[in-house]
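Colleague: Could you put the model up? I'd like to go through a few spots with you.

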Amino acid sequence: MANITNREDVELAVENGADGVGLYRTEALFMYNDTLPTEDELVETLLDTLEPLGQKPCIVRLLDIGGDKTLPYLRLPPEESPFLGRRGIRLLFAYPELLNVQIRAILRLSTSRAIQIMVPMVTIPEDMERVRRLVGAAAQELGIQHLPPLVAMIETPAAALSVADVLKSADALSIGTNDLTQYVMAAGRQNPLASEYFQEMHPAVMRLIRIVCADAGPSLVGVCGELAGRLSAVPDLLSAGVRLLSVAPRMIPLVKDAVRRTPASPGGT
Ligand code: PEP
Ligand code: MG
C-alpha cells in the first residue's frame with residue numbers, strides 16, 4: 001500500500017500498482033489554512049484526494065501534530081520536550097472539536113468508501129478505548145450503523161508491549177517505525193547529533209516488531225514507517241509476521257518485488 005498526503009500521491013500510487021493507501025497523512029489539510037476546516041470541507045477534500053483510488057481501501061490517520069508540528073489557529077502551550085509531550089492523539093483529546101470534526105468527516109466517507117481510521121501516538125490501551133467510544137457516539141449521531149475499522153499506530157515502546165490490551169479496542173495495528181525507532185533508541189528522528197543512534201534496523205527495534213506480531217495473534221499488523229520501504233528489511237518484517245507494508249508510491253514495485261522474492265517462512269504464511 002501507499003503512504004500519501006495528496007491526490008497526486010494517490011494517482012502515482014495507483015499507477016505503481018498500490019493495493020490501497022496504508023497511511024494518509026492528513027496534516028496538510030489542517031496546517032496550511034488560517035482556520036479549522038469545516039466538516040463539509042474535510043469530506044470534500046477527502047473525497048477528491050481519494051477519488052483515483054476507486055474502491056481500494058484507505059487508512060486515514062487522524063491529525064498528528066504536536067511534537068514538531070503546530071497549527072496557525074491553535075495556540076499550543078510551549079513544551080520543554082515536545083516529542084515526549086502532547087502530540088498525536090494526546091493533543092486531539094485536549095481539543096475535542098478538532099478530533100470530532102475529523103471523526104465525523106471520516107464516518108461520512110465510510111458509508112461510500114473502504115475507509116479505516118488510524119490513531120497516531122497510541123501509548124496506553126485507554127487511548128484506543130476513548131477513540132472507540134467517541135467514534136461510536138459520533139456514528140450514532142450520524143445514524144451510521146457500521147463503524148469503520150480502527151487501526152492503532154504502534155509508535156511507542158509502551159504500546160508495542162501492550163498489544164493484547166490495545167487490541168481490545170482496535171481492529172488492526174500499524175507500526176510507525178520512524179517514531180518507534182526514536183523512542184526505542186532515545187535518539188530524536190531529526191537530531192543530527194544523535195543520528196548514529198537512530199537505527200531503524202537495530203536488533204532492539206526488530207525484536208519489538210516481532211513481539212508486536214506475536215502478541216497480535218490473528219490481528220493484522222502492518223508497517224507504515226520508512227522501514228517498510230527498506231528492501232533489505234522486507235524478509236525480516238515478513239518473517240516477523242507483518243502482512244501489510246505501506247511505502248512511498250514510487251517504492252511500491254520494488255517492495256512488491258522484494259516480497260515476491262522472499263521465500264515462504266516455515267510457518268507457511
Ligand atoms: C512513523 O512514525 O513511522 C510514521 C509513519 O508516522 P510519521 O512519520 O508521520 O510520524
Ligand atoms: Mg509517527
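Colleague: Are Glu 155 and Asp 179 buried or exposed?

Modeller: Bear in mind that this is a predicted model, where local features need pLDDT of at least 70, side-chain atom pairs count only at pLDDT 80 or more, and totals for chains, interfaces and linings use all residues. Residues are numbered from 1 along each chain as written, chains are lettered from A and ligands numbered from 1 in written order, and side-chain values use heavy atoms, without hydrogens or water. The cut-offs are under 20% relative accessible area for buried and over 50% for exposed, with partly exposed in between (1.4 Å probe, protein chains only). By that test, both Glu 155 and Asp 179 are buried.

Colleague: At what distance do Glu 155 and Asp 179 coordinate the magnesium ion (ligand 2)?

Modeller: Donors are N, O and S atoms within 2.8 Å of the metal (3.2 Å for Na, K and Ca), and since water is not among the atoms, sites may look incomplete. Glu 155 (OE) and Asp 179 (OD) coordinate the magnesium ion at 2.0 Å.

Colleague: How many residues apart in sequence are the parts this pair ties together?

Modeller: Helices (H or I, at least four residues) and strands (E, at least two) are DSSP runs, numbered from the N terminus. Glu 155 lies in the loop between strand S5 (150–154) and helix H7 (157–160), while Asp 179 is in helix H9 (177–185), so the parts tied together are apart in sequence by 24 residues.

Colleague: Which ring does the charged end of Arg 130 sit over?

Modeller: The test wants NZ of Lys or CZ of Arg within 6 Å of the ring centre and within 35 degrees of the ring normal. Arg 130 has its charged end 3.8 Å from the centre of the ring of Phe 93.
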